[in-house]
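Subject: Two-chain model, handover and notes

Hello,

Please find the structure below, with notes on what was found in it after that.

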Amino acid sequence: MSAITAENLVKVFPSRSGEVRALDGVDLDVPAGSVLGLLGPNGAGKTTAVRILATLMAPDAGRATVNGIDVASDPQGVRRSIGLSGQYSAVDEYLTGRENLEMVARLYHLPMAQARARAAELLAEFDLVEAADRAAKTYSGGMRRRLDLAGALVARPPIIFLDEPTTGLDPRSRIGLWEVIEGLVAKGTTVLLTTQYLDEADKLADTIAVVDRGRVIARGTSDQLKAEVGGERLAVTVPAGQMTDARVVLEALATGTIDADEHSHQLVAPVSGGAATLLEAVRAFDDRHVEILDIGLRRPTLDDVFLQLTGHHAEADGRAGAGPTPPGGASGTVTAATADVPPSDSQQEAH
Amino acid sequence: MSDLAQSVSDTRTITRRNLTRLRRQPDSIVFGIIQSVMFVLLFAFVFGGAIAVPGGGDYTNYLMGGIFVQTVAFTCATTCVAMADDLSRGLFDRFRSLPMARSAVLAGRTFADLAFAGVTTVAMALTGLLVGWRTDAPALSVMGAFALLALFAYAFLWIGAVIGLSVRSVEVAQTAGLIWLFPLTFMSNAFVPLESMPTWLQPIAAWNPISSVAAAVRELFGNVPAGYVPPDYWPLQNPVLSSVLWCLVILAVFVPLGVTRYRRAASR
């Protein structure tokens, strides 16, 4: 049974330069008890999709159901089946952790005694007992997120939406929150989570939908998406002045687009043939007197998937992100919008 | 639970949340009290000697009706800012994702701010008594005056809530919630009698809800000099009735407007 379905969701926002199609025909189908990760960069439309499914916003076109209930015709029914943990902590800073949870429980219309009991239970479960009677404004970022997530779970909803649950958290809090989410999934909760972190989608999601500019551009399991990109990656770091030479060497070995990062002087090429290819590469670099600072083979990551699908990196870090602008004179620039592996003579020019 | 019982329960929960917030920010209460005390003292001492009260009464007795109305009207600026502030935070997304009554967030806000207006009203009454304000009306009439002030405050808080839901930031709310209150309260009989205004201004001031409520409160407090003939405008000749009507009209317009705005604010 599908816990969440969406058909051709469209949402258009007015903007200074006309309009932004935040969602441009999104279809989703999340089986009950599974985890769908919406993966995409900032502004891809992930949050808009969650807001529509959580009844905070109406779509301009398309339809969606949550727990079998239509979001447009029975939003209150949907609200009874979901928990939402948004991008910004939904916590009242002047209330204590306990008061926050009791308030949410009362708004789910639990009787006072039950509201108290449920709040105490969640505080224990989320390791907030010691801080329970302190105002939430004294909480650390990780504690706030835990309190926020606890609030989403007050009514034990069968479906929860997590909008970038770990954005802005330190690595330790992040892993802690992952464990909590894995615990929920183990109990059979359906989870739709959005993230711009590839490792997070990789770790938590059963199925990943890659979202870019309001569209789902690929979907599948983490392994399927990686398989779509194929083979291993040969990553080599060379001195700044030898990037061009290194590229020539790699072109002879690569089975696809070479990604070069001017900043870290690293080139990444999809290859096949494993260790033999690595040896061949080392020899070839030596022949051309290219100094190797670091070299290795690795499995493709979701970042590679994203680069392959969209022509730009998933995480906004200033690398090769401008994608579609072809560098002067280069004929082979590829900004693949499909999952097709580009021919090996094409190059992704770095700038 | 029936829909009505749910709305009542949700409104109570949100009111409690707002009152707890208020209690944990005692400085906002303290400054609210300082502001109302300051207004009483400033007007009583600065204008006290300069303004002749029609019918030959004491200015402090004239002033208190006006200053009560002005201060409770200004409370709606607090509502405006609080509403805009709440709206800009993640907590509102949580509220909207809960199966709670849509009106509860607004009702809970206005009820809590009404309590705040009550606190400042008590502070003003005490300051008034210190500077010579006296009431010799029957207890029931005095209670009626405070009840009318509460009704008027509540109606105005909804205007503040609607403005707070309409502006795009807390910074704008701070100004937008306040500026319109200055002409409104000063172009009324709150501080100076209608009779001293230019003739073109008099009808505007007479049909100003602030004037109606100020006149009604004066009447109920027994602060109208014997033999005073009110100006020839219906609202001022029937101040209590016109005040109640004004409050009902404001509520009839701004309650549905507020609920609609709250719903629409969801799609921002």
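**Domains of chain A**

Eleven residues of domain 1 of chain A and ten residues of domain 2 of chain A take part in the contact between them; two residues are in contact if their C-beta atoms, placed from the backbone, lie within 7 Å. On the domain 1 side, α7 (198-204), β9 and β10 of chain A each supply at least two residues, and α7(A) has the largest share, three residues. By class, that side of domain 1 of chain A has seven nonpolar, two polar and two charged residues. Here Ala, Val, Leu, Ile, Met, Phe, Trp, Tyr, Cys and Pro count as nonpolar, Asp, Glu, Lys and Arg as charged, and the others, Gly among them, as polar.

This is a predicted model, in which local features need pLDDT of at least 70 and side-chain atom pairs count only at pLDDT 80 or more, while totals for chains, interfaces and linings use all residues. Residues are numbered from 1 along each chain as its sequence is written, and chains are lettered from A and ligands numbered from 1 in the order in which they are written.

**Strands in chain A**

Helices (H or I, at least four residues) and strands (E, at least two) are DSSP runs, numbered from the N terminus. Two strands pair if DSSP finds at least two bridges between them.

Strands β9 (residues 207-212) and β10 (residues 215-220) of chain A are antiparallel and share five bridges. Asp212 of chain A stands opposite A:Arg215 in β10(A). The two strands form a hairpin with two residues between them, and A:Arg213 in the turn has a positive phi of about 50°.

An open sheet in chain A has four strands in the order β2-β1-β4-β5, with antiparallel pairing. β2 (18-31) and β5 (69-70) of chain A are at the edges with a single partner strand each, so one side of each has no neighbour in the sheet. Helix α1 (residues 46-53) of chain A packs on this sheet and touches β1, β2 and β4 of chain A; its direction makes about 120° with that of β1(A). The angle is taken between N-to-C directions and runs from 0 to 180 degrees, with axes as lines fitted to C-alpha atoms, for helices over the stretch in contact. Within the sheet, β1 (residues 2-15) and β4 (residues 61-66) of chain A run antiparallel and are joined by five bridges. A:Val10 stands opposite A:Ala61 in β4(A).

Chain B has twelve helices and zero strands. Of its 268 residues, 46% are buried, meaning that 20 or more other C-beta atoms lie within 10 Å of the residue's own, C-beta atoms being placed from the backbone (12 or fewer is exposed, in between is partly exposed).

The contact between the chains takes 22 residues from chain B and 26 residues from chain A. α1 (3-23) and α4 of chain B each give two or more residues to the chain B side, and α1(B) gives the most, with seven residues. That side of chain B divides into six nonpolar, eight polar and eight charged residues.

Helix α4 (residues 90-97) of chain B is mostly covered, with seven of its eight residues buried. Among the buried residues of α4(B) are B:Phe92, B:Arg94 and B:Phe95. Their cover includes α2 (75-79), β6 (82-85) and α5 (141-152) of chain A, together with α3 (59-87) and α5 (104-130) of chain B.

Regards
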